[in-house]
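Colleague: I would like to learn how to read domains and a ligand site in a model. Can we take one case step by step?

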Amino acid sequence: MKGDVLLIHPPVNFHLAKEPFMPSSRIGYGLLHIAACLLRRGFRVVVWNLDDAVRRGISPREVERGLKTINPIVIGVEMNWLNLSRGAVQTAEILKKLRPDIPTIIGGTHATIFSRSIVQKYHTIIDGVLTGEAEKTFLRLVENIEKKGIMGKVGGLVYFKDGQVRQISRKKDDLYENIDDIPPYTTKVIKHVTQGTPAETPFFQGIVGPSMAVETTRGPCRLKCIYCIGGRIDRVLGRCNFTTHSQKWIVDQINLLIEEGMKDLAFQDQPFLSGKTNLLELAKTLQREKIGEKLNGINMTAIPGILDGEVLEEMSKAGLTTIDYGVESGSNRILNLLNRPTSREVVLDAVKLTISKGVIPKTFWMTGLPGEKTQDLSETRDLILQTTKVGGIPWWITPLVIIPGTELFERSEDFGVKLRVKTFEDFTIYSNVWEKAVSWYPEAVSHETEHMNRYDILKASFDLKLEVYKRSGEIVQNFIKNYAEKVISFHSTLTVNLLEQIIRENLKNLLKAFF
Ligand code: B12
Ligand code: SF4
């Protein structure tokens, strides 16, 4: 039998007095796919949701006790998201104190972007950052440690030696070219920190039930919206071409999670880019497998206007209940500047078409966009209100956070933007702030524009949220009166009461969400 490997989803911050303003309730499926690859090779893998454990009041002593029950040969700590930056480093620090002999490796999108700074500053507590997609490379690293006692020259590894940060370059073979070669992930690896028994909460709690994201695609998006990393993800994670999982792989993953208790599922990557034929096939496969009947709902993301009536109808019959539409702005001038392939007209048509097929269009909006002026904001306000009249539900209205690796981050000045948050240490602000009843977080606004300072950006999002919140009753009533029946006609698992509860709950949440 091979050795144990411990993978950790860290908390946002061990030392926050209250809940973090950007919670980290989900374990990334990237980490879980790494676990699946290790399991396939015969390693015993334990995943800890330390975020959940910290919320339940676990102490460092209990972490130590938990470690003794596993005795791993390597520990991997997830830093996929900016809000995990502080908590991942703190986790590594605790582990190094307890077990300096066990190599601790950090990985994930955010860690990859800042790998060199992280290693430079934290090399005494972190043995390396493993950059990019890591199913193959982490396995190689674990096997090297098991066989030779050293990490070895694994592609993408950033580490510290002889007073310098060093990096081993990645090769083509460092990732699975065919993503179907990566096994579906299981939540069974997620264990209780102290008892080592299966965790009570392996799933993220959605409004209706336990929910999980399922991977459908990998690789760079062909569209290049300036504020998004999607079109440039090849530079970060190392995969040069966009690729799609087979229908069989997706259904196997879904069925596995259903067996494990999942009730809600989300395709949050880019299935919408896989093309009409592929999406219709996916819909037919899900219908044949009766997936919709086994779940409360399926959610996916899409760009407004990219899905036609036939795809929407078939996906709805397959169980798709909601679509997340990133609308971002109601100003065509701004949409153009962002390189969004949409317009006000396209958005309105997409919302109408989507609800006509029984799928709830959730809309997402931002403020603080480059070039945005008062006139653009009033166009956004106008479009938000128009969409609510035709079946759209505003889900998030938040200030734009400029993420490293995006075109906007790298060419901020060309877009008239002044970044406030630039370095790894600057980004720890997203780990350091605790939640308030309303989302007023000037310290976490990432930038200022030619026309708006950070308070203007916050106020603009706040004003829009209030506009919607004030109309909550009206929005819910309009939806229930005109659209609930249509949604229920496609989805027998939903009821008017449930729809009302979900929409009300979210319109309340709108005031809280920052990013
Ligand atoms: C799908 C998706 C989601 C889904 C599911 C994510 C998941 N992986 O489980 C959901 C909806 C849950 C989600 C949520 C969020 N997301 Co998201 N998401 C994406 C998206 C579109 C695709 C990610 C993906 O699935 N890639 C494929 C998988 C397999 O790769 P991966 O998860 O990165 O994992 C690989 C490597 O990173 C690495 N790795 C990961 N973990 C570890 C750990 C170790 C130890 C090692 C060695 C390696 C390693 O190996 C993995 C396997 O190859 C990306 C954009 C993109 N195109 O990448 C944004 C992205 C990752 N998300 C982002 C953000 C900001 C968020 C949120 C904070 C948004 C919010 N405001 O709530 C939340 C955070 C959730 C949380 N836990 O706190 C940012 C992160 C930017 C940053 N610097 O932090 C991205 C890059 C998008 C963007 N805005 O630019 N997201
Ligand atoms: S926002 Fe969507 S469409 Fe635009 S680049 Fe990102 S993933 Fe692609």
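Colleague: Which domains does the domain assignment give for the protein chain?

Modeller: Keep in mind that this is a predicted model. The assignment gives domain 1 (4-189) and domain 2 (204-509). Their C-alpha centres are 28 Å apart.

Colleague: How do I read the side where they touch? How many residues of domain 1 are in contact with domain 2?

Modeller: The general idea comes before the case. Interface size is often quoted as the accessible area lost when the parts come together. Here we count residues instead. Contact means C-beta atoms within 7 Å. On that basis, 35 residues of domain 1 meet 29 residues of domain 2. On the domain 1 side, helix 4 (85-98), helix 5 (109-113) and helix 6 (115-122) each supply at least two residues. By class, that side has 14 nonpolar, 12 polar and nine charged residues.

Colleague: Now the ligand. Which residues come nearest to ligand 1?

Modeller: Start with the shell, then look at its parts. There are 39 residues around ligand 1, and Gly30, Gly76, Leu82, Gly107 and Glu133 come nearest. By class, the shell divides into 19 nonpolar, 13 polar and seven charged residues.

Colleague: Which helix gives the most to that shell?

Modeller: Helix 1 (29-40), with five residues. Other elements that each supply at least two include strand 3 (74-78), strand 4 (104-107), helix 5, helix 7 (135-148) and helix 8 (233-237).

Colleague: From which domains does the shell draw at least three residues each?

Modeller: From domain 1 and from domain 2.

Note on methods:
Residues are numbered from 1 along each chain as its sequence is written. Chains are lettered from A and ligands numbered from 1 in the order in which they are written. This is a predicted model: local features need pLDDT of at least 70, side-chain atom pairs count only at pLDDT 80 or more; totals for chains, interfaces and linings use all residues. Domain bounds come from an automatic or database domain assignment. Two residues are in contact if their C-beta atoms, placed from the backbone, lie within 7 Å. Helices (H or I, at least four residues) and strands (E, at least two) are DSSP runs, numbered from the N terminus. Ala, Val, Leu, Ile, Met, Phe, Trp, Tyr, Cys and Pro count as nonpolar, Asp, Glu, Lys and Arg as charged, and the others, Gly among them, as polar. A residue is near a molecule or strand if its C-beta atom, placed from the backbone, lies within 6 Å of it.
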